[in-house]
Amino acid sequence: MSSETDSPLLLTPLNALHRELGAKMVPFAGYDMPVQYPLGVLKEHLHTREQVGLFDVSHMGQVILRGDGVVDALEKLVPGELKALKEGRIRYSFFTNDQGGILDDLMIANRGDHLFLVVNAACKGPDIAHLVAGLPGVEVEYLGDDRGLLALQGPVAATVLARFLPEVATMPFMSMVSASLKGIPVTIARSGYTGEDGYEIGIDADRTEDVARLLLAEPEVAAIGLGARDSLRLEAGLCLYGHDIDTTTTPVEAGLTWAISKRRREEGGYPGDAIVRRQLAEGAARYRVGIQPEGRAPAREHTEIQDASGQTVGEVTSGGFGPSANAPVAMGYVTAANAAVGTPLSLIVRGKALPAKVASLPFVPQRYYRG
Amino acid sequence: MTIRFTEDHEWISVDGDVATVGITTFAQSQLGDVVFVEVPEAGRALTKGKDAAVVESVKAASEVFAPVDGTVVEGNQAVVDEPALVNSDPQGAGWFFKMTLANPAQLDGLMDQAAYDAFVEGQH
């Protein structure tokens, strides 16, 4: 998960607060980030599913796109349906390459006079270069480390945030507004990456700690680190870029075709569209699936997957212990013939073949706000 | 009873002909919440410094190495059934396995409590 470099680590606006809270800090995507707090990964995970977790996601890249024809232009880089994206709404999409591989996954919000993007921390440099090169005439403004981003996630998130901003309680899932939280200008998106209801709150860097402290003072809110963020998203069946999706996986193989509208499937017009269209019509050679080990041993990333006859049919791309599932959980790619839910598989863990089967995703029900 | 420690943060407590092995309080604090443990079966021959057991936290898998040469007498089924014992009582009920010693002189190469405490201090 971490990427070690020789260059000094970047700090988010909450770095001092993480240390004050006793976080264990690790390098992640070039940033000094909290992997866990004294509560520990297991309890942080369960707390988020039962109450509310506050995550520092300021390392992610926030980008504003402005200019005439920006929607048409961005549709040339992503297969997402942007023309039908109403003002105030957010869509999940991905940058593709000419082979239909995924360069990064991202959120795109229509903010009326501009588009607002959130991209992965590890990809933001190349993403911005890709946007600048691919969108001539469009102003690409990277908000950089001037802007913080917090995620407030969990079944009580709406109750907590509504104490400050009553109007957020009924915000639709995947919508975004501007607001003033105790006088601090913020953007609020009803979105997240834990499978729970929740919000992502954008704040100027110099006020991010103020907002974090206001939220942490609420009794239901606990600070949650990257460790639990990973186990939460894995249980929710959500892809982690660089692990479950990358330049060698297509949206069809990754099971992300729900994010490509009928019009975009038919019209194409994004990098790799011919390959995606062919895989949609004929099927792909392999698919991302959920994997449920039958025993208690977790199967980690890169674990070899075999079929009943001992043939290698794939590899685990994310795997670990799911605290809410109270069992090991994994995702990985298997050949199309082995991708049906219930298919028996073997996971080769420390030289032993452990029984598992293809499981439907997510491992725990997603609980997004549906009004 | 003699207790010795390895640089890989195993402890070995020797009582007569049989030694009990586990991971230290420091090791479990570094691992975090333990969710899976695999212990060796009785009769398995162990080699100093080689894999003997497995301990996994939510985030990562780690090997537990044999502190000395010998043969497994018993694996601790209690930690297999309840891995959290490794966190709550790492140097007591959270032991991993008991073994005989093929070469008791190997204990002399391990750290005593004072040396281990100093070693852990140096890890910070």
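Modeller: Gladly! The domain bounds used here come from an automatic or database domain assignment, and the model itself is predicted.

Biologist: How far apart do the C-alpha centres of domain 1 and domain 2 of chain A lie?

Modeller: The assignment puts 15–57 + 145–235 of chain A in domain 1 and 285–359 in domain 2. Between the C-alpha centres of these two domains of chain A, the distance is 31 Å.

Biologist: Which element gives the largest share of the side of domain 1 of chain A that touches domain 2 of chain A?

Modeller: The contact takes 7 residues from domain 1 of chain A and 8 residues from domain 2 of chain A. On the domain 1 side, two or more residues each come from α2 (41–50) and α7 (226–235) of chain A. The largest share, 4 residues, belongs to α2(A).

Biologist: How many residues on that side of domain 1 of chain A are charged?

Modeller: That side, which touches domain 2 of chain A, includes 3 nonpolar and 2 polar residues. The number of charged ones is 2.

Biologist: Now to chain B: is K59(B) buried or exposed?

Modeller: K59(B) sits in the loop between β6 (51–57) and β7 (61–65) of chain B. An unreviewed UniProt entry annotates K59(B) as "modified residue: N6-lipoyllysine". A residue counts as buried if 20 or more other C-beta atoms lie within 10 Å of its own. Because K59(B) has 22 other C-beta atoms within 10 Å, K59(B) is buried.

Biologist: Which residues does K59(B) touch?

Modeller: Here we leave out residues up to four places away in sequence. The contacts of K59(B) are then G32(B), V41(A), G227(A) and G320(A).

How values were computed. Residues numbered from 1 in each chain as written. Chains lettered and ligands numbered in written order. Predicted model: local features only at pLDDT ≥ 70, side-chain atom pairs only at ≥ 80, totals over all residues. UniProt positions renumbered as here; feature names shortened; annotations may be inferred. Buried ≥ 20, exposed ≤ 12 C-beta atoms within 10 Å, placed from the backbone. Contact = placed C-beta atoms within 7 Å. Nonpolar A, V, L, I, M, F, W, Y, C, P; charged D, E, K, R; others polar.
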